[in-house]
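Here are some notes on the charged pairs and the nonpolar packing in this entry. Please read them alongside the coordinates.

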Amino acid sequence: MQKQLIECVPNISEGRDADKIQDIAHIVETVPGVKLLDIDPGAATNRTVITFVGEPEPVIEAAFLLIKKASELIDMRQHSGEHPRFGATDVCPLVPIANISLEETAAYAHRLGERVGKELGIPGYFYEAAAKEEKRKNLSNCREGEYEGLATKLADPEWTPDFGPAEFNENVAKTGVTAIASRDFLIAYNVNLNSTSTRRANAVAFDIRERGRVKREGNPIIGKKVLDENGEPVLIPGKLKAVKGIGWYIEEYGIAQISYNLTNVSITPMHIAFDETCKAADRRGLRVTGSELVGLVPLKAMLDAADYYLTKQSRSLGISESEKIKIAVKSLGLDDLKPFDPKARYH
């Protein structure tokens with residue numbers, strides 16, 4: 001039988017304390033067969049994306065140990081950051097890599113969640129392919145209200161956790177809640193603007209992301225929301241499918257960014273998200289100055305971007321892989337904010 005491989009990409013709510021980040025991330029290396037691939041901290045978001053890979057059993061053991069260590073070292077009562085969050089290990093998605101289906105990976109996500117709830121007393125929700133009901137598939141629904149809204153959320157019968165205690169006790173006040181998923185590979189990708197305005201960044205994000213924006217009467221920003229027959233807000237879809245996005249201001253860089261999750265790069269690849277964002281920003285009097293990758297990216301995504309820009313320039317695609325990577329980095333402005341090391345970024 002061919003070896004099954006899954007990737008785990010936990011996001012922890014700590015991006016500033018290097019010692020804590022290292023202690024949490026490197027716990028996964030105590031499990032034989034698990035390879036730690038990447039640690040990507042962000043000071044402004046106060047969040048770190050950790051990536052490791054292995055066969056399913058070792059990976060879910062390593063994920064459990066990481067969630068446990070994060071719950072010991074991170075106190076959510078003291079946490080603040082730009083990124084939406086509601087737990088010390090905010091999300092813990094499992095991604096099928098080789099010889100395993102999304103459905104099989106979801107079964108491992110369920111096993112992990114049950115153990116986290118029973119042994120650590122941390123409540124949580126299953127999302128994406130691991131979701132137990134439709135409204136919980138979308139992470140933003142699960143995380144609505146963030147950490148500050150947990151006491152109310154956990155008491156709401158509509159949001160009884162999928163695992164762990166349904167109460168905001170002293171332990172949960174410290175650890176918050178964890179969301180565990182089985183999902184396809186996504187690219188976490190930020191686009192930089194020549195602005196400091198979160199509102200303007202959000203306007204561009206709403207132009208682009210699949211969900212779009214809420215329809216309003218009169219003023220598109222402060223006008224009354226238009227509701228459908230079920231009392232739900234009517235949405236004006238955005239330009240691109242399989243794209244989630246929000247705008248924020250990053251104090252670390254002194255700029256506003258649009259933070260995207262590209263959930264299916266065969267539908268919307270990185271270079272299309274970048275180009276369409278450039279167009280939308282230009283229409284609003286803004287300029288894109290570059291972009292930033294968070295965590296890892298498939299090598300193919302970089303090569304596809306290079307081919308796209310080489311084709312636009314009427315240049316031959318018959319150049320070396322290393323030259324194509326340079327073209328992708330410069331075309332997307334991936335070195336706008338800090339040096340970009342390709343070998344540490346793709347797999």
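1. The model is a predicted one. Because Glu 57 sits in helix H2 (residues 56–73) and Arg 111 in helix H3 (residues 102–120), the pair ties together parts that are 54 residues apart in sequence. Arg 111 is also partly exposed, at 43% relative accessibility.

2. A second pair joins Lys 312 and Asp 275, whose closest N and O atoms are 3.0 Å apart. This pair links distant parts of the chain, 37 residues apart: Lys 312 belongs to helix H9 (residues 299–312) and Asp 275 to helix H8 (residues 270–283). The two ends fall in opposite classes of accessibility. Lys 312 is exposed, with a relative accessible area of 52%, whereas Asp 275 is buried, at 10%. The value for Lys 312 should be read against the cut-off, as exposed means over 50%.

3. Within helix H9 there is a local pair. Asp 304 and Lys 300 form a salt bridge at 2.7 Å, N to O; the two residues are four apart, about one turn of the helix. Asp 304 is partly exposed, with a relative accessible area of 29%, while Lys 300 counts as exposed at 58%.

4. How many salt bridges are counted in the model? The count is 24. Besides the pairs above, a network of salt bridges links Arg 47, Asp 90 and Arg 143.

5. Turning to the nonpolar packing, which residues touch the most other members of the largest nonpolar core? They are Phe 52 and Val 116, in a core of 52 residues. Helix H2 gives the most to this core, with eight residues.

6. With neighbours within four places in sequence left aside, Val 116 is in contact with Phe 64, Ile 67, Gly 121, Ile 122, Phe 163 and Ile 180. Another core, of 37 residues, lies apart from the largest one. Among the residues of this other core are Ala 301, Tyr 309, Leu 310 and Ile 327.

Definitions and conventions. Residues are numbered from 1 along each chain as its sequence is written. This is a predicted model: local features need pLDDT of at least 70, side-chain atom pairs count only at pLDDT 80 or more; totals for chains, interfaces and linings use all residues. Side-chain values use heavy atoms; hydrogens and water are left out. A salt bridge is a side-chain nitrogen of Lys or Arg within 4 Å of a carboxyl oxygen of Asp or Glu. Buried means under 20% relative accessible area, exposed over 50%, partly exposed in between (1.4 Å probe, protein chains only). A nonpolar core is a set of buried Ala, Val, Leu, Ile, Met, Phe, Trp, Tyr and Cys residues joined through side-chain atoms within 4.5 Å. Contact means heavy atoms within 4.5 Å.
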